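These are my notebook entries on one structure. I set down what I looked up, entry by entry.

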Amino acid sequence: MDFSAVRSRLAGADGRFYWRSLGELADTNEFREYLHREFPEQASEWNDPKGRRQFLKLMSASLALAGVGACTKQPPEAIVPYVRQPEDIVPGRPLFFASAIPLAGYAQPVLVESHMGRPTKIEGNPDHPASLGATDAITQAAVLGLYDPDRAQTTTFRTEVTAWNTFLSAMQSALAAQKATQGEGIRFLTEPITSPSLAELMASVLQDFPRARWHQYDPMSRSGVAATADTEPIYQFDKADVVLGLDADFLCCGPGALRYTRDFTNRRRVTDDNKSMNRLYAVESTPTLTGAKADHRLPLKASEIEPFARALAGAAGVTASGTAEAGRAWTADEQKWIAAVAKDLGAHRGRSVVVAGEYQPPAVHALARSLNEALGNVGTTVRYVPAVYTRPTDQTASIADLARAMDAGDVQLLVIMGVNPVFTAPSNLRFAEKLAKVGLAVYHGLYTDETANLCHWNIAATHPLETWGDPRAYDGTVTIMQPLVAPLYEGRSEHELICAFTQQPGRRTGDLVKEYWTRAFSGQSGWTIRTSDGQTFPSADAFWRRAVHDGFIPGTALTDGGQATPFKPGPPPSAPAAVTPVPVADPPADVAARPPQAVPPATQPQPPSAPSISGTSSGNLEIIFRPDPTVWDGRFANNGWLQELPKPLTKLTWDTAAWISRRLAAQHGLRNGDVVELRYRGSVAAMPVMIVPGQPESSVTVFFGYGRSMAGRVGNASEVSARFNAFLLRTSDAPWFGSGLEIVKTGERYLLASTQEHHAMEGRNTVRVATLAEYSEHPDIIHGMGHTPPRTMTLYPEHEFTSHKWGMTIDLTSCMGCSACVAACTAENNIPVVGKEQVSKGREMLWLRVDSYFSTGTAEELEHLANPQMFSQPVPCMQCELAPCEVVCPVAATAHSSEGLNDMVYNRCVGTRYCSNNCPYKVRRFNFMLYADWTTQSLEALRNPDVTVRSRGVMEKCTYCVQRINQARVDAKREDRAIRDGEIVTACQAVCPADAIVFGDLNDPQSRVAKLRAQQRNYGLLEDLNTRPRTTFLAALRNPNPELEAPAQRTTTGH
Amino acid sequence: MNSKPVSTESYTPPRVLEGSHSYKTITEKISSIVLTKHQPVAWIVTTAIGFVFVNILGVSVSYLLLKGIGIWGNNIPVGWAFDIINFVWWIGIGHAGTLISAILLLLRQDWRTSINRFAEAMTLFAVACAAMFPLIHTGRPWLAAYWLFPYPNSMSLWPQFRSPLIWDVFAVSTYGSVSLLFWYVGLVPDLATFRDRAKNRVAQYLYGALALGWRGSARHWQRYETAYLLLAGMSTPLVLSVHTIVSFDFSVGILPGWHATIFPPYFVAGAIYAGFAMVLTLAIPLRRLYGLQDFITMRHLENMAKVTLVTGLMVVYGYAMEAFFAWYSANAFETFMIVNRTTGPYAWAYWMLIVCNGLVPQVLWKKSIRTNTIWLFFVALIVSVGMWLERFVIIVTSLHRDFVPSSWGMYYPTIWDFSTFFGTIGLFVTLMFLFIRVLPMISIFEMRTLVPEAKVKGAEGH
Amino acid sequence: MDGQKPIYGLMAEFDDATALVEATKRTYDAGYRKVDAYSPFPIEPAWEALHADDRRVQLLVLCGGIIGALAGFGLCYWTQVIAYPLNIGGRPFNSWPSFIPVTFEVTILIASFTAVISMFALNGLPMPYHPVFNVPAFARASEDRFFLAIEATDPKFDRARTLEFMNGLGARAVNEVEP
């Protein structure tokens, strides 16, 4: 159809309809062609599927926007405090609402900043035990996900737009047909559920249809944890002096990471008074940020972790059942390692903890548990509590069972909620093919993705910021979600969807949740509701208001006596798969050890058509699967912020890469960006490789989440990158690692856009490192690593900063490089997404970057390091007192404020870029083109109204969140008082789970920042240039075990 | 006053005026180049080619203004690249003209007479090309154009006079206008000649207007010579100051490879070097094309070759000193800078530069080569390439790997970088050839003073 | 001279510089003051013979230079210290060393313009019309001929006697110059 036809068809349509129907229209080929004609000069960028131009232009073109004007309407339900206290709305002043952003069922507790009804920024919920004010990068990007016009927008049946009520009646009739067989043919496939109210709905459905089956599948499920007996460990690192990680990335991944990071780093805040810190040993199958923080790091193949754990247990005098061979004898170093660690653990009984990796098999978890028990850690540093999941399930087995049923044609009605199995299910299940055999498939999700495409009914899901909910956090704390806006599109919540299969469909989410907890307040379903200080609430209403206000229900944490989510579907459904673990739960370690043929055939329910897992596995390499640190399992692939967020360690953006060791690269003659073919158990995928120091020699790590075909305009893979899909290789019997991988160099090259090319420090001490021993012996060792010119070395009189003197310290001992601060900065400061092509040219716009170094020496030295130390260093603007950038600006567009900020005056900047050339820290960013999107309405709703949106040809940089400083100044003035220390919290500081960033007034000797700056491990980056940075770093201290590292060994050399 | 008798000692250098010429023949020879309907085919072809590139320049700049400098290869850390390289390169070339007119005048080098006119023209056009880049390199010249000059405005905002870029604005604009004055003042008597010789009425009016009614009165000549000498005296420090200030753009920065005290003299030498090379590049073909061998004699070419050789050695000394300081300072960043220049990803540029600026010009030690126009021409061309590479090395190589290793990057020029650069060369050639077409490329009245009869018998020298 | 139409003066035409200088000397010695010599290129002896030695250009250029220097530094100082002082990279408001380049350039700029403008002004140029051009032969004054003109307004000027005097100068021709 041509555009005039579109226009005529839309004539007289009102806003919502207008945009709703065109939303799908935007996907038709005609429309794409029309867009091509519309922006011919963009042709080049169009071909780059990740091109920023395509992202923005298509966003503006996709008429998702017309409706957005109507999006800032508050929802009809009463949410606190808006309806009851409209006087709280002060134009220009944001309101904060406690809510949660669930990931795989687990709540990430947040406070959402809302400007006049527009959610614009997410902060952590400081009162919530799982957050303490921190958030991770993925949660930070949720606001962009909310305004993404690519979201599924309405209910469709076979791609025809229909009404929700039509769906409801259709489901009722479908259910009626199932009555006879008690729902024999009904299957639900959802992510694991933690929400009590949703669980209750689910239970009631299963009550009505006892033979219906509920399958749960989270492709990133912590199979090791969940599949063991329904207990999971909750660690308390604040009590641990010695930590052993068995392939555990507990600082970055997993629902408890934020709290764990805070507790862990609190134990290593060395001050001049307190010179003690914990010690972390990490045994790893692939470099992780946790390993990077480790005082001792041992790279092993994933399959060697279990034998290692057994060996360690043996050394620690713990009798662990069963044996597994490493397939090789431990080297002398490894034996020394084991002995030393065992000794150290033994020396810290009750103050140590052994952490099993989420992606390690149950056996390792069992070993870790028995170690912890033997070491008397249980109850102090770790507690084993009932699972937070409503009904813990071996999820791989569960979806395998579903696949078998679908293949047998037993499934008449399949309801898929929040999962994208066509993309994420184990490849050997051939889920897509079998989905065709399902009578009626209903899909509920945020996007019209690969699975939605094959389902009859598509129900647009609400974004977490659009709906009510009560998911539980990692420790079981019930967390209340409240909608910040009415659904932008025709979204339906999970509650509403499941409700459609109950006797009274069509109930509202808010009512369902509130009603559940009102009943719970009255003591039903086993909950005991108390205030945080143990008192009882006067009324259910008071309780509910409190809960919604605080964002969580105190006392529901499993660690302090909260109960597991009740789930009573009446007669337990005779579902063999869901409850009893099937043999597939065999430790994949064994699989790796013995030839693949030996895998019990029972674990591969597959049609003859499927390639046999025992197929061609000539390779001798080990493959390791990991979720992508930014796009996770691909569900965030359409989020520009996350795509452009440099991934930890490699700093790669917009793409994935297979991690290989330098030795392996040399064997196959591979360079970064060479595309290799990955042959594993009969399936084939391709991926560009990246050489990562510290990667075990014979292991290849691949990350999920890329190669999506229907992610959206931002996330869709190109023809080339469609093959970069790790799910193609994943089989149901070895979800996280397996042997038999073969890599073949294809000779193709693929452009990897990384924001950091050089990971060696060239002996420049950008990160100053010392061991705790050295530091406590000579506290001035840190200063000795650089030279600070005396302040007298100037002819000029100095400028005095009499009022305030803003400064920041960043503790490199705490920082572990998770990059949440970068995401927060992006969200707070309206930083544009520039796209892969621009990033590859070195034009990323991130004001705050996190540098990663693998070596303090030269690049050549790094070549020879198999297991280098890794360092992360966040680098914002240093706000130099003698700023080199200011002196060279011809128009005074950057000048010093009276409080010592290095101000950037955007509308005075002419764009000579001299300031950036003269900035030794290279923290300035330039709008080489018009990066900011000035046309897309939905992005206007997203923007922070307190921050200028920069235009083309303008230099920009970190301002210490000057808008927040000014806000605090206004408040202080109005209340006629001085600005309190800690009143101003920069965006990066706010999210930091490690509490590594501290901002404040250096003129106030009592301020936290002033005290930290007085520490002897405080240093300024490139201080010898006499720039006098206001942002300073606290040196990275390591606490190595003297038995493993002689104190003499210094990784850094004096200047 | 600028007419010195050719010394009659044992060694008689080649004369600065070959053949037997009278006032009349000189006048006719030079003015005939302009006051004619016919132009050599070479002129038409060259101008046409130049004009094609002017259009390419127009397209490149328009696209630049449309999209921003993102169309170039510049990035962070390499914020400056072709834009500033070209600026410095052109400015350097633009030094020869004023230098020849002013300094050689003060040094009473009569051999300057036949080359100063088009050398000055070259200066003007080179400065015009150079001045473009500071304007367009922001991608928003409409801002650069009016925010870089001080003028009272409603926001009472002023330029920031500590920035070398502002010094540039003043230096380049002063240099441009003073060179124009100098050039025009020199032209006036010749314009009078054209006024009196032109057959075409329009030409008569135009030249007449430009000649301001010059009639060669002795009283006028007296003030004229005074003013001309003063101009020369002031242009000499000016011309030195301009490239000194351009070098401040770098030496005021803190970047290793920029922050060096040797930059001003080293840049000035480089400018003279590049300038003379360009004069040779232009003089040799023009001389052949218009049969000016009598006026631009071997002596001119040889002298220019010698100046090129000497300044070339100064530049090489600069390179050597940069390396020496890097080592002697024992500063890790400085040392790395040189190592990176000589062995890093852009080492090819550095070594090409050493060949072009360091080795090749050494052939000029040989008289037979100094007096061989073909050789001279190509040596001069190579020097121009070398000087461009010098700026590439200084700007790009220093920027791409500076202090913090994490922000090291690479720079790759785009098609638009090249089109803009070659566009300015086209502009330069076109302007040059138009000048040859409409104005005397050799100062006629000064040439007359070289005729033996011009010496007044009995008049004591001065 | 009655009945004859007034003239601007008399003009002798010479072939070379030496003759011109000779003639000029003699004319000056003969007491004529409103005399001018015209040549296609500068001939120092010629204006020495006329005792033409105007130093005002130098003086004006000096003044221009001084004004320029004050203006240049004044501009920097006033804008950076008085009008809109800003803390730029911790440098003092009066960063005088940084102001020197601009000061220098402005000095040269104004001085140079003074030199050229004052030169033309004192020469009375531009002058679209001048009687000497009425002599057809004068066209070659810009090429290869030399002229000496005595103005009628000279107190010593007498049409007949001056003509006689000039004929004695060995000129190739003597013409009357119409006003």
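This is a predicted model: local features need pLDDT of at least 70, side-chain atom pairs count only at pLDDT 80 or more; totals for chains, interfaces and linings use all residues.

**Entry: helices 11 and 12, chain B**

I listed the contact residues next: helix 11 of chain B gives B:Glu322, B:Ala323, B:Ala326 and B:Ser329, and helix 12 of chain B gives B:Glu334, B:Thr335, B:Ile338 and B:Arg341. I sorted this contact of helix 11 with helix 12 of chain B by class and recorded 3 nonpolar, 2 polar and 3 charged residues.

**Entry: helices 5 and 16, chain B**

I turned to helix 5 (residues 113–136) and helix 16 (residues 415–438) of chain B, which pack at an angle of about 150 degrees with axes 10 Å apart. Because of that angle, helix 5 of chain B is roughly antiparallel to helix 16 of chain B. I recorded a right-handed crossing where helix 5 of chain B passes helix 16 of chain B.

Which residues of helix 5 of chain B meet helix 16 of chain B? I listed B:Arg117, B:Phe118, B:Ala121, B:Met122, B:Phe125, B:Ala126, B:Cys129, B:Met132, B:Phe133 and B:Ile136. In helix 16 of chain B they meet B:Thr420, B:Thr424, B:Leu427, B:Phe428, B:Leu431, B:Met432 and B:Phe435. The residues of this contact between helix 5 and helix 16 of chain B comprise 14 nonpolar, 2 polar and 1 charged.

**Entry: helices 4 and 10, chain B**

I then examined helix 4 (residues 95–106) and helix 10 (residues 263–289) of chain B, whose axes come within 7 Å and cross at roughly 90 degrees. Helix 4 and helix 10 of chain B are therefore roughly perpendicular to each other. I noted B:His95, B:Ala96, B:Leu99 and B:Ile100 on the side of helix 4 of chain B, and B:Ala271, B:Ile272, B:Gly275, B:Phe276 and B:Val279 on the side of helix 10 of chain B. The class count for helix 4 with helix 10 of chain B is 7 nonpolar, 2 polar and no charged residues.

**Entry: the sheets of chain A**

In chain A I traced an open sheet of 7 strands in the order 5-4-16-15-14-6-7, with mixed pairing. Strand 5 (160–161) and strand 7 (213–216) of chain A each have a single partner strand, so one side of each is left without a neighbour in the sheet. I checked strand 4 (residues 156–157) against strand 16 (residues 457–460) of chain A and found that they run antiparallel, joined by 2 bridges. A:Phe157 stands opposite A:Trp457 in strand 16 of chain A.

I also looked up the helices on this sheet. Helix 16 (residues 395–408) of chain A packs on the sheet and touches strand 6, strand 7 and strand 14 of chain A. I recorded about 130 degrees between the directions of helix 16 and strand 7 of chain A. Helix 8 (residues 164–179) of chain A lies across strand 6 (186–190), strand 14 (413–417), strand 15 (440–445) and strand 16 of chain A, at about 130 degrees to strand 16.

A further open sheet of chain A has 3 strands in the order 1-2-3, with antiparallel pairing. I marked strand 1 (95–103) and strand 3 (118–124) of chain A as its edge strands, each pairing on one side only. I counted 6 bridges between strand 2 (residues 106–115) and strand 3 of chain A; A:Val110 has A:Gly124 of strand 3 as its bridge partner.

**Entry: backbone details**

I looked for cis peptide bonds and noted the one joining B:Ile76 and B:Pro77, with omega about 15 degrees. B:Pro77 is in the loop between helix 2 (41–67) and helix 3 (82–93) of chain B. In chain C, the bond from C:Leu125 to C:Pro126 is also cis, with omega near -5 degrees. C:Pro126 is in the loop between helix 4 (96–122) and strand 3 (146–151) of chain C.

I noted a positive phi near 50 degrees at A:Arg158, a residue in the loop between strand 4 and strand 5 of chain A.

Note on methods:
Residues are numbered from 1 along each chain as its sequence is written. Chains are lettered from A and ligands numbered from 1 in the order in which they are written. Side-chain values use heavy atoms; hydrogens and water are left out. Two strands pair if DSSP finds at least two bridges between them. Helices (H or I, at least four residues) and strands (E, at least two) are DSSP runs, numbered from the N terminus. Contact means heavy atoms within 4.5 Å. Axes are lines fitted to C-alpha atoms, for helices over the stretch in contact, and angles run from 0 to 180 degrees between N-to-C directions. Angles under 35 degrees count as roughly parallel, over 145 as roughly antiparallel, 65 to 115 as roughly perpendicular and the rest as oblique. A crossing is left-handed if the near helix is turned anticlockwise from the far one by less than a right angle, and right-handed if clockwise. Ala, Val, Leu, Ile, Met, Phe, Trp, Tyr, Cys and Pro count as nonpolar, Asp, Glu, Lys and Arg as charged, and the others, Gly among them, as polar.
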